[in-house]
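Here is a short report on how protein chains meet. Look over the sequence and the model, then read on.

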Amino acid sequence: MTLRYDTLTFLSDYGLVDEFVGVVHSVIRSICPETTIVDLTHQVAAYDVRAGGLALARSAPYLCPGVVLAVVDPGVGSARRAIAVEVGDGMSVLVGPDNGLLAPAVAMCGGATRAVELTDPTYHLEAPGPTFAGRDIFGPVAAHLCAGVPLTSFGPEIEPVSLVPGLIPVSRIEDGEVLAEVLWVDGYGNAQLNIDPEEIAEFGDRVCVRFGDEVRTARVVETYAAIGPNDVGLLVDSYGLVSVVVEQQSAASSLGLMPGTAVALSGFADEQDQGAGVGVTTQVELSARRGAREEDR
Amino acid sequence: MTLRYDTLTFLSDYGLVDEFVGVVHSVIRSICPETTIVDLTHQVAAYDVRAGGLALARSAPYLCPGVVLAVVDPGVGSARRAIAVEVGDGMSVLVGPDNGLLAPAVAMCGGATRAVELTDPTYHLEAPGPTFAGRDIFGPVAAHLCAGVPLTSFGPEIEPVSLVPGLIPVSRIEDGEVLAEVLWVDGYGNAQLNIDPEEIAEFGDRVCVRFGDEVRTARVVETYAAIGPNDVGLLVDSYGLVSVVVEQQSAASSLGLMPGTAVALSGFADEQDQGAGVGVTTQVELSARRGAREEDR
Amino acid sequence: MTLRYDTLTFLSDYGLVDEFVGVVHSVIRSICPETTIVDLTHQVAAYDVRAGGLALARSAPYLCPGVVLAVVDPGVGSARRAIAVEVGDGMSVLVGPDNGLLAPAVAMCGGATRAVELTDPTYHLEAPGPTFAGRDIFGPVAAHLCAGVPLTSFGPEIEPVSLVPGLIPVSRIEDGEVLAEVLWVDGYGNAQLNIDPEEIAEFGDRVCVRFGDEVRTARVVETYAAIGPNDVGLLVDSYGLVSVVVEQQSAASSLGLMPGTAVALSGFADEQDQGAGVGVTTQVELSARRGAREEDR
């Protein structure tokens, strides 16, 4: 067998306190020592499939081609399928549970070209119990993929359309407000919204931001340093989406924002176009999000 | 010198906030750049030798052969010995303090075939102070072992029986109850007990679980997903031991369990065999645990 | 192009919860797959340039020659310069923001031999927003340096003296007390002071330690294990500085110490030399600290 993929990217909700991540590394290395493992993060919130899927999708444009091992798997050992999904006609393969975790990244990569269910025990470890699929199923399969085992050796092909989709919330316009949602709060407390800068361009430099019982005025800024003390800023973040930020503080903590918080944005002076969007959570690819909104208008 | 071991597995209580782990990596790499370091975990609770020893023992069956560097070392700089313990006639060598940390893993690997005390300063770094033995003694020795320096170069051979043993609590039977103890609470809050599934098989699907002042009925389940909301489950975990679990919640937090908590399990309907075990904490190998219980009966 | 540096050491305040570190790894690997990345720490407190600079300086003597990528960057995207600083006539290059983060380590390595501002976009990634310079500027430049791109390709040379200096507090003597400051609290809660053991040698084995409203008697010990229960110890730590320690407890928590806390040390019996130091925070190299004090006397 010859090395097929030399990079294995690994994301999970295993945390870094227990030895889970290290054991999976060791299992992979014992099967395919030539591959290099890049740890994306292992501190996805426990069981948070949506957060893991979004982290993977945000990273996708920057990942080395190869195998992606992703495990956020509340249904481990149950009927949920274990899958490997090929993208780019074999450029990369994503391995994990079929619970929507892989879907946003697969969409970012142009969709699945093939997919298999990981049913062949030849490529699994014998396990005393069924609860550590990263060690016993996903990790070994990912390593064997790197080592050159063909995709179809791991189990029967399944239809890509049968995969559980990822659910990404879509913004909409109602009564002149852009109704958005916090997608992600990063470690600095910046709160990423599901909107592009164009969606609020018409509001100008000062935007009215409404969430919970609060209404705040936010300034549109280009860098963290441009925010005044205690000001709320809106910034195009490093992923091209609009984030709510506070200078050198956690916007999330100081404003009470968390993933899923509804945030409404509007302008101050002029009348805006009164859109009438309807969509709430929709099955949609991240990269197709803007298009989806266009249809809503 | 030729590369003797190409994998160095590393566990510690150094945490990931300070630069300790990175500095040890750097020291190892400067001595033996060809070896690959697998980080098992560095978030063993500070000074918790037992927890570190159990993590190493749980991992042992999955580790690549090579050098294992383990540092949980409250007695650093004091009279406790620094040691290297060979297992499997040289298949692997464990390096760390002689405080019981290595013992459970050594036992899992069939016991020590040789051991040395790390007294030769040739293979240590000169240190401004004696408190960072991972950087100054254990790390450099581990790296030199990878690079091919023979075990006996590091210091005088010592008798494996002279090594400080690990203490693993053994379950026992009293008045029809299995008296167990929480060995480990993982990051999801699952509480692993020191019992095999066979020890509670006679109780059937519903087991009475007693701890502190509480008595709860637990259902024996095969997967996390099979536990009902707010139910307590007993599950054969990925190490073949019985864990107390709650679906998508921390069993440990919701029930108040922590490592060392005494847990008594019993059946509901039938009279059980009235065992009369006695052992409490015993010097014992993990793999010999069941045998030890057999003797108790 | 041929590999110039085979080790890239990486420190940041990105944390390990988000995928930032993994994405930077992936970007580096896509540019220079042959280099090995050593993660020093990514849990420098957010925006804490001083803490990051001290961690880098503490590590410097133990780092493999190569490229050092350091990102603690509250001014990301603003006018602060992005720089690469060569030390040891090319033995190593440090890459990061020009905000004082690199300065203490550069000083430890004997000062800058050359420096450039990273203005050439050829070696940057195109970015949707300006807030992730580790991914878009510093990481790619560090990787290209490893791959053999000459330093001066990245932008115009700048004068090393123009670099923002690091600020390291200097101890001083006043009324027979050594007035020190907590530099660092490590994960065990040991509180490192900015003093050498010689500075308190005259006080003997028992030292009066004053901070906030408290006065405590500390014993000078050689190992953690030598501290009595609930005693306060003073220890020469693994960096050759004096640390305040409590056995198997956090000295910082139990005494209320944190980085920046002023700590005054004095003897009990004899009259000491009455020094009259004046310096407070001074621009100074870590390695020149003692010399600076000499001048104060």
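## Where the chains meet

Chain A gives 28 residues to its contact with chain B, and chain B gives 32 residues. Contact here means heavy atoms within 4.5 Å. This is a predicted model: local features need pLDDT of at least 70, side-chain atom pairs count only at pLDDT 80 or more, and totals for chains, interfaces and linings use all residues. Residues are numbered from 1 along each chain as its sequence is written, chains are lettered from A and ligands numbered from 1 in the order in which they are written, and side-chain values use heavy atoms, with hydrogens and water left out.

The size of an interface is often given as the accessible area lost when the parts come together. Buried area is that loss for two parts (1.4 Å probe), summed over both. The table sets out two interfaces.

| Interface | Buried area | Share on carbon and sulfur atoms |
|---|---|---|
| Chain A and chain B | about 2500 Å² | 57% |
| Chain C and chain A | about 2600 Å² | 57% |

On chain C, E19(C), R29(C) and Y47(C) supply 26% of the area that chain C buries against chain A, more than any other three residues.

A salt bridge is a side-chain nitrogen of Lys or Arg within 4 Å of a carboxyl oxygen of Asp or Glu. Chain A and chain B have 2 salt bridges across their interface. R29(A) pairs with D6(B) in a salt bridge, with the closest N and O atoms 3.7 Å apart. The interface of chain C and chain A also has 2 salt bridges. There, E19(C) bridges to R58(A), and the closest N and O atoms are 2.7 Å apart.

## Inside chain A

R58(A) also belongs to α2(A), where it is buried. Helices are DSSP runs (H or I, at least four residues), numbered from the N terminus. Buried means under 20% relative accessible area (1.4 Å probe, protein chains only). Helix α2 (residues 49-59) of chain A is largely enclosed by the rest of the structure, because 9 of its 11 residues are buried.

How many disulfides are there over all chains? The count is 0. A disulfide is a pair of cysteine sulfur atoms within 2.5 Å. The sulfur of C146(A) has its closest cysteine sulfur in C32(A), 5.3 Å away, so the two are too far apart for a bond. C146(A) is buried, at 0% relative accessibility. C208(B) counts as buried too, at 14% relative accessibility.

Terms used:
Buried < 20%, exposed > 50% of the residue type's maximum accessible area, 1.4 Å probe, protein only. Helix = DSSP H or I, 4+ residues; strand = E, 2+ residues; numbered from the N terminus.
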